[in-house]
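Hello,

Here is the structure I promised to pass on. Please open it alongside this note; my findings follow below.

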Amino acid sequence: MSSGDLFRYPDELGPAFSETNGLEFSNGRQVSAAEIWKFMTKEAPVRFPYAFDKSVHFAGRISSDVNFLSGIKRSFLSLTLRDRMLDAHKNGVPVVLVQGGQTVEPYYAAGGIPLRPGFVMNWARTMKEGLNLRESDLRGMSILEEGRKGVTIEACNQIAAHSAVQDNIVPVDFVAPYLCLRCSDMAYLVESHRHGKRTVPTYLVDHPIDHNPGEWKKEYLKKELETLTGKIGELSNKEVTDEALRAEIKRENKARELVRDCYEIWWNAKVPPTNSVDHSGIVPFGVDGCGDYSASTRVLEETREELKERVKHGVKGAGLKDDPSRLYICGSCVGPNPFLVDKAGAVVVGKDDFWSEASTIVKETGDPYENLAEAILSFPYERSTEGRAEWTAEQAQKSRADGVIFMFNWGCNFQTSVARMISDIIKDRTGLPTTYVEVGELGRMEALEQSHNRVEAFIEMLN
Ligand code: SF4
C-alpha cells in the first residue's frame with residue numbers, strides 16, 4: 001500500500017554530489033552531476049511521485065542509501081528512460097521490444113535500442129506524469145488487462161508490455177526478441193502483433209532447443225542474428241558492418257567485466273557493502289545498458305570505485321541488519337522485494353538470470369556473428385535443466401549464500417516446470433536450504449503480501 005509519504009534526498013548532499021562526474025550519452029549529449037541532482041530532487045518528484053513513495057511494499061522505490069552516489073545516477077537513468085526513448089524514436093532510432101537473457105549487441109550495432117518488457121511497462125506507466133503509487137499501479141493494471149482481453153488471460157504479466165505497444169501508448173518500432181528456452185509466452189506474444197490493433201513489424205530470433213552439441217546450431221543462430229541486424233538496419237537506415245558489431249561486442253564486454261569486478265568485490269567483502277536494491281541494480285546495467293551503454297558503463301565504473309572504498313572502510317549498505325542472511329535468487333523476470341528482504345534481516349547476493357549473461361564474455365576477434373552465436377549457445381541459464389542447476393549451485397556457493405529462493409511468475413510455464421527440480425539439485429549439491437515461490441503479481445506495485453509472506457518466512461528460518 002502507498003505510504004503517501006515521499007522520499008527526499010538530503011539537501012546537504014547536493015554540493016558533494018554535484019562535484020562528481022557527469023554522464024555522457026551515446027548521442028554526445030552531456031549532463032553534469034549538478035543537473036542530475038536537480039532532476040532527482042526537483043523535477044522527478046513532481047513528474048514521477050510514485051517512484052519516491054516510501055512504502056516498503058513498493059519494490060521499485062528509490063534506494064535509501066543516499067551516500068551510494070552511483071546508485072543515484074542509476075535511478076536518474078531509469079527515470080529519464082521515458083524522455084530518452086521518446087527523443088530516440090523522434091530522431092529515427094528504432095526502439096525494439098525484446099526479451100531478457102540474451103546479448104543485445106546486434107540491436108545496438110544496427111542502430112536500435114533494445115528494451116526488455118519490464119522497461120517498456122515502466123515507460124508506459126510514465127507516459128502519464130504526476131501519478132502517485134496507487135494511480136501508477138492502477139494504470140499499469142489497466143494496460144495489463146487490455147493485453148489479457150486482446151490475447152489471453154493465461155499469459156504471464158509481461159503481456160502488459162505488448163499491450164502498451166498495441167495500444168500505441170509507447171512508440172515501439174519493432175518487436176524482435178529471442179525465442180529462448182527460458183520463456184513459454186514470448187513466441188505467441190510476438191505472433192499477437194500480426195493481427196492486433198496496430199501492425200508492428202516483428203521478428204523472432206529462433207534459438208535452437210536442443211542441448212546436444214552440434215556445429216549446425218552455431219551456423220543456424222548466426223544466420224538468425226544476421227537477419228536480425230539486417231531488419232533493424234532497414235529501420236535505422238544503417239548498414240551494419242562486421243566492424244560495427246565487433247566494436248559493440250567490445251563495448252559490452254567492458255560492461256560485463258565491470259559487473260564481474262563489482263560482484264567479486266561484493267561477494268568477497270566481510271560486510272555487504274550495499275543493500276539489496278543497490279546490489280540488484282548492478283547486473284541489469286551491465287547486460288542491457290538502460291537504453292544507453294555510454295552512460296551506463298560510466299555509472300558502473302563509479303559503482304566499482306565506490307564498492308572498493310566501502311569495502312576498504314568496512315561500510316555496510318544502508319538499511320541492512322548486522323550479519324544479514326545471504327539470499328541467492330533464481331528464476332526469470334521476478335525477484336523478491338529488496339526492501340522487505342533487508343527489513344526481514346537478509347540481503348540479496350545474486351540472481352542467476354542476468355548473471356548468466358554477464359558472466360559470459362564474447363570473443364572479440366574473428367566473425368562477430370559466429371562469436372555471438374557461440375556465446376549465446378553457451379549461456380549457463382539456457383543449458384539443460386540439470387546443467388543450469390549445477391552452474392547455479394556453484395554461483396550460490398561463490399556468493400556465500402545461506403539460502404536459495406526460486407521465484408516464478410504465474411503463467412510462466414517453463415520456469416514453473418523447472419523450479420522444483422532446480423531447487424532440489426541445488427540443495428543436493430550445496431546443502432543449502434532452498435524454496436520456490438510462485439508470484440502472481442509481476443508488474444504490480446502494491447498488494448503483494450502473499451509472496452512477501454513466503455519470502456519472509458524463509459528468511460526467518462535462515463536467521
Ligand atoms: S515470466 Fe516467463 S513466460 Fe513471462 S516473459 Fe518472463 S520468462 Fe517469459
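This is a predicted model: local features need pLDDT of at least 70, side-chain atom pairs count only at pLDDT 80 or more; totals for chains, interfaces and linings use all residues.

In β9, Lys351 is the bridge partner of Ile329.

β8 and strand β9 (residues 346–351) are joined by five bridges. The two strands run parallel.

How many of the six residues of strand β8 are buried? Six of the six, so β8 (residues 325–330) is largely enclosed by the rest of the structure. In a regular strand, side chains alternate between the two faces of the sheet. Here both faces are covered. Ser325, Leu327 and Ile329 are buried on one side. Arg326, Tyr328 and Cys330 are buried on the other.

**Two loop residues**

Asp323 lies in the loop between α14 (293–312) and β8. Its relative accessibility is 75%, so Asp323 counts as exposed. Phi of Asp323 is near 50°, a positive value in a residue other than glycine.

Asn168 also has a positive phi, near 60°, and is not glycine. Asn168 sits in the loop between α8 (159–166) and β5 (174–175).

**The ligand site**

The ligand takes up the space of the second largest cavity. Around the ligand are Gln99, Cys156, Gln158, Arg182, Cys183, Ser184, Asp185, Ser332, Cys333, Asn409 and Cys412. This shell divides into four nonpolar, five polar and two charged residues. Where does the shell come from? Domain 1 (3–236) and domain 2 (321–463) each supply at least three of its residues.

Best wishes

Note on methods
Residues are numbered from 1 along each chain as its sequence is written. Side-chain values use heavy atoms; hydrogens and water are left out. A residue is near a molecule or strand if one of its heavy atoms lies within 4 Å of it. On a 1 Å grid over the protein atoms alone, a cavity is a set of points where a 1.4 Å probe fits but cannot get out, and a pocket is an open set with protein on both sides within 12 Å along at least five of seven lines; lining residues have an atom within 4 Å of a point. A molecule sits in a cavity or pocket if more than half of its atoms lie within 2 Å of its grid points. Ala, Val, Leu, Ile, Met, Phe, Trp, Tyr, Cys and Pro count as nonpolar, Asp, Glu, Lys and Arg as charged, and the others, Gly among them, as polar. Domain bounds come from an automatic or database domain assignment. Buried means under 20% relative accessible area, exposed over 50%, partly exposed in between (1.4 Å probe, protein chains only). Helices (H or I, at least four residues) and strands (E, at least two) are DSSP runs, numbered from the N terminus. Two strands pair if DSSP finds at least two bridges between them.
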